[in-house]
Each structure stands twice: as structure tokens, then as C-alpha cells.
Amino acid sequence: MSFSGWNEVINMGGYGFFVWLSFGVTLAALAALMIHGLITRRSLQQQSKLQQQRQQRLARRKQQERSR
């Protein structure tokens, strides 16, 4: 398929609205997935850090109880 100008590329033979809408929806979905992944990753990292801190506190308390 060959286009003679940018106007024809945008119109896509009368189907331009649907073609560009599908591109837009796809890009929006990919962006939402990326953002969701980043937010989830950050949340999991924070939860992991808190759990490690709790485990360290418990280990210190056990050590202190044994030394008494």
C-alpha cells in the first residue's frame, strides 16, 4: 500500500479513525500495564523491607532473652 501524502496516511482509506483509535487504545493499555507494574514492584519492595526489619527485631529480642 502506497500513500501519496500525509493526509492519506491519516485517513487510511476511510478507516483512519478506527486504525488510530486502535493504536491509541493499545498504547494506553501498555502504559497502564507499565505503571501498574512499577507501582506493584515498589509496594513489594517496601513490604519486603518491612518484613526483613521485623525479622531482625525478633532475632535481636531472642538474642537478648537468651543472654539474660
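Leu 21 is found in helix H2, where helices (H or I, at least four residues) are DSSP runs numbered from the N terminus. The model is a predicted one, in which local features need pLDDT of at least 70, side-chain atom pairs count only at pLDDT 80 or more, and totals for chains, interfaces and linings use all residues. Residues are numbered from 1 along each chain as its sequence is written, and side-chain values use heavy atoms, with hydrogens and water left out.

The secondary structure of the protein chain comes to two helices and zero strands, a strand being a DSSP run (E) of at least two residues. The radius of gyration, taken over C-alpha atoms, is 27 Å, well over the 11 Å that the globule rule gives for 68 residues, so the chain is more spread out than a compact globule. The globule rule is 2.2 Å times the number of residues to the power 0.38. Along the principal axes, the C-alpha trace spans about 85 × 15 × 15 Å. Within this trace, the C-alpha atoms of Arg 66 and His 36 are separated by 45 Å, at 30 residues apart along the chain.

Buried residues make up 3% of the 68 residues; buried means under 20% relative accessible area, exposed over 50%, and partly exposed in between (1.4 Å probe, protein chains only). The chain exposes about 6,700 Å², of which carbon and sulfur atoms supply 61%. Accessible areas come from the Shrake-Rupley method with a 1.4 Å probe, and for residues only the protein chains shown count as cover.

Leu 21 is partly exposed, at a relative accessible area of 45%. Together with Tyr 15, Phe 17, Phe 18 and Val 25, Leu 21 forms a nonpolar surface patch with about 600 Å² of accessible area. Nonpolar side chains (Val, Leu, Ile, Met, Phe, Trp, Tyr) are joined within 5 Å and like charges within 9 Å.

A positive patch is formed by Arg 54, Arg 57, Arg 60 and Arg 61. Lys and Arg count as positive, and the charge of Arg is placed at CZ. Arg 60 belongs to helix H2, residues 16-67. Arg 66 also lies in helix H2 and is exposed, with a relative accessible area of 67%.

Met 12 lies in the loop between helix H1 (6-11) and H2. Although not a glycine, Met 12 has a positive phi of about 50°. Met 12 is partly exposed, with a relative accessible area of 21%.

Terms used:
Patches are made of residues with over 30% relative accessible area and no salt bridge: like charges are joined within 9 Å, nonpolar side chains (Val, Leu, Ile, Met, Phe, Trp, Tyr) within 5 Å. A salt bridge is a side-chain nitrogen of Lys or Arg within 4 Å of a carboxyl oxygen of Asp or Glu.
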